Amino acid sequence: MRNFSLKVPDTVKKINVSYVGMTTQQVDVTSGQPMTIALSTSEAMLDEVVVTAFGVKRDRKGLGYAVQDLKAEDLNTAGTTSLSSAMQGKLSGVEIRPSSGAPGASSNITIRGVRSFSGNNAPLYVIDGMPVESTPDVVQSANGMVSHASYADRAIDINPDDIESINVLKGQAAAALYGIRATNGVIVITTKRGSGLTSSRPVITVSTDLSSERISRKFKHQDIYAQGMGGKYDPTASMTWGPKISELPNDANYGGNTDNSYTRQYGMHPGMYYNPKRAQAGLDGWTTPQIYDNVGDFFSYGFTENANFSITQRTDRTSYAFGLNNSHQEGVVKNTGLDRWGARGALDWYINSQWKVGFTSNYVHTNIRTAPQANSGIVNVVYSAPAEYDLKGIPSSVPGDPSKQISFRSTTFNNPYWWAENNAYTQSTQRFYGNAYVEYRPQINWGDAFDLMIKEQMGLDAYTSRYSTIQEMGTAQANTGYIENQTYTRQTFNNLITANFTAELGDNRDWNFGLLVGNEVNNDKLVSSDYIGSGLAFYGQPTISNCTTMTYGYEAPSQDRTVGIFFNASAAWRDMLFLNVTGRNDWVSSMPRGNRSFFYPSVSLSWVFTELEALKGNDILTFGKIRSSYAEVGQAGAYLKNFAYTPTYGGGFYGIDPVNYPINGVSSFVPYWREYDPNLKPQTTKNWELGLDLRMWNDRVKFEYTYSYQDVRDQIFQVPMDGATGYQSIMTNGGRITTNTHEINASVTAYTSRDFAIDLGVNWTKYESIVKELAPGVDNIMLGGFVEPQVRAYTGYSYPVIFGNSFMRDEATGLLLLDADGLPMTDGNSKVIGTCTPDFNMGISTNIRYKRFNLSSTWSWQKGGEMYHGTYGTMQSFGATQESADREQKIHVSGIDYDTRKPVEYDVDRYRWNDVYYNISEGMIVDTDFVKLRDLTLTYQLPRIAGFDISVSGFARNVLVWAKMDDFDPESSVGNNNSGGYFERYSLPNTASFGGGLKLTF
């Protein structure tokens, strides 16, 4: 209690009262009357309070495990519609692998490595205390990832601008209270609610940002040699090993300067050559040699717009926040984009000193239109298009017959312009998620040393997603047309009740005790359907009702329920020693009877050694803590009793299944091809963690180090079976994977004054997951890819690895074994040819403030790691790369002669070398080292104008990329499963953007 007196003019009716570390309050001036003002601790100003499991706010110094938090100002929200993109480069121990820069592109997020070989490795998302769905509705299978388009994850429904803070619970000790769903870590999101306002007036905020996108790294097609093979022009070839473009008029078969069938028919055309594809498209077949930028023409500039409106207010008893938002994105690929509309509301009402109620509600409508990848892709045609062929200018279909494509090559792949006009992959989701709560603090005559709070919270996450694959009549590999419509309707209900008791004991309240007990019920209902039609009756109406054949139909309801009881007991002594013990028991309906109950404990201990009398008040070491923890968490599988299904029969080189039921009105049912182990049990993750936290020179330097060892046993995955059993595989337990992780977070306030400040931050992660064992008789399993190569989990290797055909090498020297022509050889046996795990990842953040200007940046550095780069290898074998243009000089090759086993040297024709070298999978393994400028933002805060706070900003994203990989971004890949980020073939490119924003508050 402090006394004060204050003289103010008679015209002043209100004053703001503030103090360091406390919430500013606006109070009425009562002239001549005593005023009592009580300030509360400001959680917004102190970084010592973090949100942990079930929304419980705890003092950071007492935590025995690592957590990392991001405030709203830390997120790179400008110019992006994706939360994962906004977090990139900001977190240690968290790997974010985007698939591309396409609108709605999925991202793989893993925390401290993986827990499951082929199952879910995504963290649990918790928004305002309630878990919400964030994984894709459709996780592509190991084979399915190499065709069609990538599916968005449901985190795309989250508007980054609504977020007040993000807390990442990395280790199992931090996440153990969430039980079986939290084995992969937890991302706890707190949205803006208005409780942090310093005034009772309503605050309205309007913001918008606009940006233009381009591909981040552009493939450069060689522009010297023309379409063809063996130095001869061939207007139907897929490769560019033809003559020089400048020499096309002299071509013996198509040149306007020579005697050939076309000059005999149309006369001599000096300086020109004849292209039959131009004539087929209704143009003059004769043209002069020109260079076209087919890559630049097709990948146009994209556009992104984000707009947000919010109104917030805090009164004595209530606080609320309501908002509207819209994101509109046009992709760099024609007819791709994203539209997302959202509305949200949040209210907290302090009824009295005992009762508090509130709710959070969110509605979002997301539409995405994306493009295909891999073997269904279009970028391979764009990249391989000969420089002399006008891919954009030559019509993509025959005049009068839009279902008949025209391309520079055979139409086994779609002309990208025809695809953009006729085909689509669409995704549409309408979603509601939110929760309501009641808090009760009974007034018990215990004194202020004791507190009891009971909270009941109910949440709902409900959405319907519709996915359509539209392939018009004339589509490559589906010439008669193909339509697929998938629908997923999910309703997840979550009920949570907790009682939290705290006590301070001792003469000086040296002891602090806490006990949290609770019950959680999670019920998840899903209805999925999938309908496929083929054989469109006519062009122009690509709907399933226009299909002449229904080739597949599927509807399936499912329901899972998890019931958990838990406790969290804590004790602290003199703010120096902290002990925390948790336990949770889950009952899961998706497991076999008898194996549905699981108990998971955790314990953590921390010692703040700067609370020792000898170290208190130290000017150099402000804070020091040693922490340790141990925890167990599991992950449930999906057990089903065997059931009958309608089979399809195909194989070999069939692109479709030639045998489909019903046949002549007769259907067929056989036992499902996968067996489920009746003794299936959950996989278990055991985690040990040690850490050190230091703060020096009055917190101007902060340093955190964490070591984590993770041991995952009883993996749940499909184990291959002998076909004689009647099954292809069995879903069972088997396998073990361990992960060692090192994390460093450091920050420095290099300089600070009233007008100028410099802050630097670094996060560093090194991890390695080792596959210790799989099932008996199984040493590797496929995660994704082709028949060869593949991404696999392989016993004795880091997870994952790339597995495929390799070069034959001399065992003594490691040099290539060369045949009699000087060409590399393969023995045809697949083995490990690439290691995906990087040596380390580092993020660097800078923030420089000068008066009203603020300049911030985020950098990412990845050292090491490898991926399969199918696009690069194909373009090399096609003669499309700039490197392949150097073909007049032979390649000098050194190696070991296969027959004599002696060193040899050869000069080899580049075409022959590329044709052999890049058709062996090892030749397409590339390093994924890179340095990226993720974000650069300059903000200017204008002087207050008529009660308005206005800030303007300019930003750039991914505009600087240094990588070992030529012409491509190493963060482009295919698939949204566990092999995503490591396997690339005709993937959509990543993007860079420039833009600006405006924010208005009043």
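Is Cys547 buried or exposed? I found Cys547 at 14% relative accessibility, and because the cut-off for buried is under 20%, Cys547 counts as buried. I note here that the model is predicted.

**Cysteines.** I looked up Cys836 next: its relative accessibility is 3%, so Cys836 is buried too. I then searched for disulfides and the structure holds 0 of them.

**Cis peptide bonds.** I went through the omega angles. The bond from Glu788 to Pro789 is cis, and its omega is near 0 degrees. I placed Pro789 in the loop that runs between strand E42 (780-785) and strand E43 (790-794). I noted another cis peptide bond between Tyr799 and Pro800, with omega at about -15 degrees. Pro800 sits in the loop between E43 and strand E44 (801-805).

**Positive phi.** I checked residues other than glycine. Arg574 has a positive phi, near 55 degrees. Its loop lies between strand E27 (547-573) and strand E28 (577-588). I found Asn698 in the loop between strand E36 (683-696) and strand E37 (701-713). With a relative accessible area of 60%, Asn698 counts as exposed, because the cut-off for that class is over 50%.

**Nonpolar cores.** Which residues have the most contacts inside the largest nonpolar core? I listed Phe219, Val295, Phe298, Phe299, Val333 and Tyr383, in a core of 42 residues. The elements that give two or more residues to this core are helices H5 (294-298), H6 (379-384), H7 (416-422) and H8 (870-878). H6 gives the most, with 4 residues. I then took Phe298 and left out residues up to four places away in sequence; Phe298 touches Val332, Val333, Ile378, Val382, Pro416 and Tyr417. I also found a second, separate core of 30 residues, which includes Met145, Val712, Val771 and Ala793.

**Strand E5.** How many of the 5 residues of E5 are buried? I read 4 of the 5 in E5 (residues 67-71) as buried, so the strand is largely enclosed by the rest of the structure. E5 runs antiparallel to strand E10 (residues 163-169), and 5 bridges join the two.

**Strand E7.** I turned to E7 (residues 107-111), which is mostly covered, with 5 of its 5 residues buried. In a regular strand the side chains alternate between the two faces of the sheet. I sorted E7 by direction: Ser107, Ile109 and Ile111 point one way, Asn108 and Thr110 point the other way, and all are buried. Strand E6 (residues 94-98) pairs with E7 in the antiparallel sense, over 5 bridges. Which residue stands opposite Asn108 in E7? I found Arg97 there.

Terms used. Residues are numbered from 1 along each chain as its sequence is written. This is a predicted model: local features need pLDDT of at least 70, side-chain atom pairs count only at pLDDT 80 or more; totals for chains, interfaces and linings use all residues. Side-chain values use heavy atoms; hydrogens and water are left out. A disulfide is a pair of cysteine sulfur atoms within 2.5 Å. Buried means under 20% relative accessible area, exposed over 50%, partly exposed in between (1.4 Å probe, protein chains only). A nonpolar core is a set of buried Ala, Val, Leu, Ile, Met, Phe, Trp, Tyr and Cys residues joined through side-chain atoms within 4.5 Å. Contact means heavy atoms within 4.5 Å. Two strands pair if DSSP finds at least two bridges between them.
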